[in-house]
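Subject: Structure for you to look through

Dear colleague,

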Amino acid sequence: MKRQLVDAEKDKKLLLSYLTRVNDSFGVPLTQKVQLPDYISKLLRFGCVLVMIEGDEILSCVAFYCNDMENRIAYCVLVSTVPQAQGKGYARL
């Protein structure tokens with residue numbers, strides 16, 4: 001199921017669990033660049049986080065900011081899929 005996460009405790013916990021699982025999938029782990037709780041709050045408050053969810057786990061995620069209306073620019077800051085779900089087309093969706 002596709003859905004947008006909102007700035008609510010349940011979604012914050014869901015996203016924290018996901019980012020912890022994919023942390024080492026990046027060239028530089030996220031936890032070496034940001035404090036995950038702060039990063040999650042910022043993403044959910046000022047950005048848009050779209051996810052593919054199966055059961056109660058996020059399988060794939062894209063996060064972006066599209067708040068530069070003057071220049072009509074959006075910034076994609078995160079695209080990831082858990083290793084066991086890669087190759088199934090979730091990022092394409």
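The mean positions of the 12 positive and 10 negative charges of the protein chain lie 4 Å apart, where Lys and Arg count as positive and Asp and Glu as negative, while His and the chain ends are not counted, and where the place of a charge is taken as NZ of Lys, CZ of Arg, CG of Asp or CD of Glu. Please keep in mind that this is a predicted model, in which local features need pLDDT of at least 70 and side-chain atom pairs count only at pLDDT 80 or more, whereas totals for chains, interfaces and linings use all residues. Residues are numbered from 1 along each chain as its sequence is written, and side-chain values use heavy atoms, with hydrogens and water left out.

Staying with the charges, how many salt bridges does a search of the whole structure find? The search finds 3 of them, a salt bridge being a side-chain nitrogen of Lys or Arg within 4 Å of a carboxyl oxygen of Asp or Glu. One of them joins the side chains of D11 and R3, with 2.7 Å from N to O. D11 counts as buried at 4% relative accessibility, whereas R3, at 26%, counts as partly exposed; here buried means under 20% relative accessible area, exposed means over 50%, and partly exposed lies in between (1.4 Å probe, protein chains only).

K12 takes part in a salt bridge with D7, where the closest N and O atoms are 3.3 Å apart, and in another with E9, where the closest N and O atoms are 3.7 Å apart, and in this way D7, E9 and K12 are linked in a network of salt bridges. K12 and E9 both belong to helix α1 (residues 9-22), in which they are 3 residues apart, or about one turn of the helix. D7 counts as partly exposed, with 39% relative accessibility, while E9 counts as exposed, with 52%.

Turning to the chain as a whole, you will find 2 helices and 4 strands, which follow one another from the N terminus in the order β-α-α-β-β-β; helices (H or I, at least four residues) and strands (E, at least two) are DSSP runs, numbered from the N terminus. The radius of gyration of the protein chain is 13 Å, close to the 12 Å that the globule rule gives for 93 residues, so the chain is as compact as a globular protein of that length. That radius is taken over C-alpha atoms, and the globule rule is 2.2 Å times the number of residues to the power 0.38. Of the 93 residues, 38% are buried.

Which residues of helix α2 (residues 36-46) are buried? They are L36, Y39, I40, S41, L43 and L44, and what covers them includes α1, β2 (48-54), β3 (57-68) and β4 (73-81). From helix α1, L16 is in contact with L36 and I40 when its neighbours within four places in sequence are left aside, contact meaning heavy atoms within 4.5 Å. The C-alpha atoms of L16 and L36 are separated by 6.9 Å, although the two residues are 20 apart along the chain, and L16 itself counts as partly exposed at 33% relative accessibility.

Finally, please look at R72 in the loop between β3 and β4, which has a positive phi of about 55 degrees although it is not a glycine. R72 counts as exposed, at 76% relative accessibility.
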